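Trainee: Could we go through this model together? I'd like to know what stands behind each label.

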Amino acid sequence: MNEKYDELEIDGVSYKTTFPRKFLERKQRAIPAAGAVSTYIPGTIVEVLAREGQEVKGGELLCILEAMKMRNKVLAPVDGIVARVHVKRGDKVPKNTLMFEIE
Amino acid sequence: MSLKRNVLDLRKRKEIALQGGGEEAIKKQAAMGKLTARERIEAILDKNSFHEYDMFVEHQAKDFDMDKKVFHGDGVIIGTGTIYGEPVCIYAQDFTVAGGSLGLMHARKISKIMDHALKMHVPLIGINDSGGARIQEGVDSLAGYGDIFFRNTQASGVIPQLSVILGPCAGGAVYSPALTDFVFVVDNISKMFITGPEVVKTVLGEEISMEELGGARVHSEISGNAHFFALTEQECFEQIKKLLTFLPWSNRVKARPFPPRNPRAEYNIEKIVPADPTQPYDVRDVIRAVADDSDFLEVQQAFAPNIVVGFGRIHGETIGFVANQPRVMAGVLDCDSSDKAGRFIRFCDAFNIPLVTLEDMPGYLPGAEQEYAGVIRHGAKVLYAYSEATVPKITVILRKAYGGGYIAMNSRHLKADFMFAWPTAEIAVMGPEGAANIIFRKEILSAENPEETRKAKVAEYREKFANPYVAASKGYIDSVIEPEETRKILIHAIEVSSNKTVMTPAKKHGIPPF
């Protein structure tokens with residue numbers, strides 16, 4: 001066999017093996033951080049109100065996401081400081097895109 | 001008057017019905033690389049064995065100008081015939097007639113041949129090639145699907161049911177194949193999905209092609225809905241015929257025995273498996289080294305390849321093989337491989353096919369992704385299926401049998417009839433490294449040279465527990481065998497189990513963790 005092997009560790013033991021496509025392309029299902037704000041529907045960002053470094057209260061408007069002809073308000077889920085803004089006006093975003101990180 | 005005129009009239013009527021959707025539609029079908037429904041049936045069955053019924057059935061819809069349209073046979077062909085001389089029931093949707101759409105009479109024909117198959121205890125082969133429900137017939141077409149699903153369920157575990165997807169099979173229609181035992185797909189021809197690419201685009205804004213959404217490769221590799229993948233229709237028909245040689249015609253009989261044959265010499269069992277339990281090999285070669293003529297028909301080859309399931313023969317008798325595959329993901333159990341094994345075990349049990357399990361696995365796949373996907377309830381299916389099975393159950397532990405995996409893979413504790421182990425077997429709660437780290441944690445941490453102590457403790461644990469003899473000393477393993485003896489011992493074990501009877505508690509049915 002001239003196969004190239006990867007390693008998989010289980011209980012402290014490293015096994016030489018291969019990975020199928022489904023495993024390699026799997027979605028990482030980690031619990032998102034409390035302050036991570038992602039799109040729940042694909043659409044277009046029509047307005048961004050939150051700026052990096054800005055202090056926000058839970059429920060404050062972060063941006064407007066237009067999807068299926070509706071203007072959706074995207075609100076801050078928690079109190080905190082906007083650490084990162086990943087979107088700008090006019091961005092077309094698919095579902096589950098990270099838009100803001102609040103710390 | 002002679003009968004001649006009536007006979008000529010009959011012939012003319014048949015000729016018209018045999019035209020199906022007409023020359024133009026048949027040309028279109030051919031342009032898509034597809035055979036017609038009748039050509040498919042003839043290619044699967046023994047030559048000249050097909051007898052068609054309900055050729056003159058027509059739809060009875062009146063709305064939307066349907067009363068002015070004639071659909072020959074209402075878009076489906078049903079009948080009986082033989083495969084290698086044995087009777088089967090078959091139906092094939094005819095895409096050339098109204099796109100193979102399913103209306104009341106179309107469904108009634110399918111139900112008729114299903115009832116016949118169940119009554120006569122012969123396998124059912126269903127060829128799907130249909131645009132879906134005939135919308136003009138409204139709720140009647142939904143009723144038709146329901147009637148078919150009900151019959152699929154009634155026949156489940158009584159007769160083998162094979163679904164062949166040779167065209168679109170979308171929406172509710174997918175559930176008949178899903179309820180049957182084996183689904184066959186052909187590259188670029190089969191398309192299966194609940195909602196098509198247009199709906200996906202409208203609702204989710206995601207662009208996806210039909211092939212990416214529900215093509216043959218997707219269902220063979222990712223979703224696990226298909227069991228056999230072929231590149232051409234002809235290859236698919238060969239797979240169907242080959243599979244049927246391994247199966248009994250119903251749950252009341254055993255599969256026909258074949259003349260026993262020795263495995264081929266190129267599969268030398270001594271040379272396949274490395275002694276080091278972290279090194280990979282292809283467990284299918286071990287199956288081929290014990291199976292008659294080294295002939296192994298793998299089921300769901302590309303889906304969850306960390307477990308291998310399929311049919312072979314030992315001394316002429318059909319055997320269901322279940323084997324961990326160290327070559328892929330170290331042979332771990334996970335959600336997909338548990339589903340795959342659980343379903344296969346239940347098929348074998350329902351159809352009197354003895355199970356041979358080849359075990360070499362380090363445990364379950366760790367990680368949040370697996371836990372969230374429900375590895376607990378999926379993994380439980382393997383335990384359930386093995387515990388419930390009353391056919392002869394034989395296990396050979398080749399190397400690793402750790403923790404929950406040891407219990408799940410047809411252990412003595414789930415009532416395996418015979419437990420064999422190679423001298424390379426390691427039966428323990430976990431591998432020596434992990435176990436030593438836990439048991440000797442304090443000693444390792446407080447040692448002057450922790451790494452050296454750790455290595456010494458791992459070696460100590462390995463020496464004591466990483467072998468088959470602890471389990472053998474407790475009677476959990478019946479016999480530690482040399483790899484070379486494996487086939488001989490399997491032949492014997494199957495022979496002495498041939499009259500196995502088990503009393504199970506009376507119940508309506510169990511509740512497996514679906």
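Trainee: What share of the contacts in chain B with a separation of 6 or more comes from residues 24 or more positions apart?

Mentor: It's 74%. A contact here means that two C-beta atoms, placed from the backbone, lie within 7 Å. Keep in mind that this is a predicted model, where local features need pLDDT of at least 70 and side-chain atom pairs count only at pLDDT 80 or more, while totals for chains, interfaces and linings use all residues. Residues are numbered from 1 along each chain as its sequence is written, and chains are lettered from A and ligands numbered from 1 in the order in which they are written.

Trainee: How many helices and strands are there in chain B?

Mentor: Chain B has 21 helices and 17 strands. These are DSSP runs numbered from the N terminus (H or I, at least four residues, for helices; E, at least two, for strands). The C-alpha atoms fill a box of roughly 105 × 55 × 45 Å along the principal axes.

Trainee: Why is helix H12 of chain B called largely enclosed?

Mentor: Buried means 20 or more other C-beta atoms within 10 Å of a residue's own, exposed means 12 or fewer, and partly exposed is in between. In H12 (residues 283-290), 7 of the 8 residues are buried, so the rest of the structure largely encloses the helix. Among them are B:Arg284 and B:Arg288. Over chain B, 50% of the 514 residues count as buried.

Trainee: Why are H13 and H15 of chain B called roughly parallel?

Mentor: The axes of H13 (residues 335-350) and H15 (residues 375-388) come within 8 Å and cross at roughly 20 degrees. Angles under 35 degrees count as roughly parallel, over 145 as roughly antiparallel, 65 to 115 as roughly perpendicular and the rest as oblique. Therefore H13(B) and H15(B) are roughly parallel. Their contact includes B:Ala341 and B:Ile345 of H13(B) and B:Val382 and B:Ala385 of H15(B). By class, the contact residues divide into 8 nonpolar, 4 polar and 5 charged. Ala, Val, Leu, Ile, Met, Phe, Trp, Tyr, Cys and Pro count as nonpolar, Asp, Glu, Lys and Arg as charged, and the others, Gly among them, as polar.

Trainee: Which residues touch the most other members of the largest nonpolar core?

Mentor: B:Phe184 and B:Ile240 do, in a core of 139 residues. A nonpolar core is a set of buried Ala, Val, Leu, Ile, Met, Phe, Trp, Tyr and Cys residues joined through C-beta atoms within 7 Å. Helix H4 (residues 104-120) of chain B gives the largest share, 7 residues. Leaving out residues up to four places away in sequence, B:Phe184 touches B:Leu162, B:Phe228 and B:Ile240, among others.

Technical notes: Axes fitted to C-alpha atoms, helices over the stretch in contact; angles between N-to-C directions.
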